[in-house]
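Here are a few exercises to work through with the model open beside you. Try each task before you read its solution.

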Amino acid sequence: MVETMISLADKALEFVKKRGYVLTKDIVNEFKVSSVIAGAILSQLVSRGLISVSHLKVGSGPVYYIPSQKSKLEAFSGYLKGIEKEAFELLKQHK
């Protein structure tokens with residue numbers, strides 16, 4: 001079981017690298033695992049410093065991403081509300 005989890009974590013890392021960002025449900029759908037297992041895999045990758053977790057919530061879960069591909073998180077700007085959205089727009093305008 002441990003070997004399987006390590007192998008699955010490696011495959012999940014490659015999946016995140018390919019996409020740039022994922023939600024827990026993406027891991028669930030891609031690898032046909034439960035949301036608990038998907039969350040554990042993503043948490044392990046975060047704790048190893050291989051991926052990062054954003055404070056942005058989509059639904060009830062965060063977005064996980066490869067730090068070098070942080071710019072891809074702009075795809076989720078539609079989920080921002082209120083002052084966060086205003087701040088994002090201002091930062092985007094003024095680079």
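Two strands to begin with: β1 and β3 (residues 61-65) run antiparallel and are joined by two bridges. This is a predicted model, where local features need pLDDT of at least 70, side-chain atom pairs count only at pLDDT 80 or more, and totals for chains, interfaces and linings use all residues. Residues are numbered from 1 along each chain as its sequence is written, and side-chain values use heavy atoms, with hydrogens and water left out.

**Exercise 1.** Work out the strand order of the open sheet.

Step 1. Helices (H or I, at least four residues) and strands (E, at least two) are DSSP runs, numbered from the N terminus, and two strands pair if DSSP finds at least two bridges between them.

**Exercise 2.** Describe how α2 packs on α3.

Step 1. Helix α2 (residues 24-31) meets helix α3 (residues 35-47) at about 115°, with axes 9 Å apart; axes are lines fitted to C-alpha atoms over the stretch in contact, and angles run from 0 to 180 degrees between N-to-C directions.

Step 2. So α2 is roughly perpendicular to α3 (the class for 65 to 115 degrees).

Step 3. Pick out the contact (heavy atoms within 4.5 Å): Thr24, Ile27 and Val28 of α2 touch Ser35, Ala38, Gly39 and Leu42 of α3.

**Exercise 3.** Classify the one aromatic pair.

Step 1. Ring centres must lie within 6.5 Å, and planes over 60 degrees apart count as edge-to-face.

Step 2. Phe15 and Phe31 have ring centres 5.9 Å apart and planes at 80°, so the pair is edge-to-face.

Notes. Parallel < 35°, antiparallel > 145°, perpendicular 65-115°, else oblique. Phe/Tyr/Trp six-rings, centres within 6.5 Å; stacked < 30°, edge-to-face > 60°.
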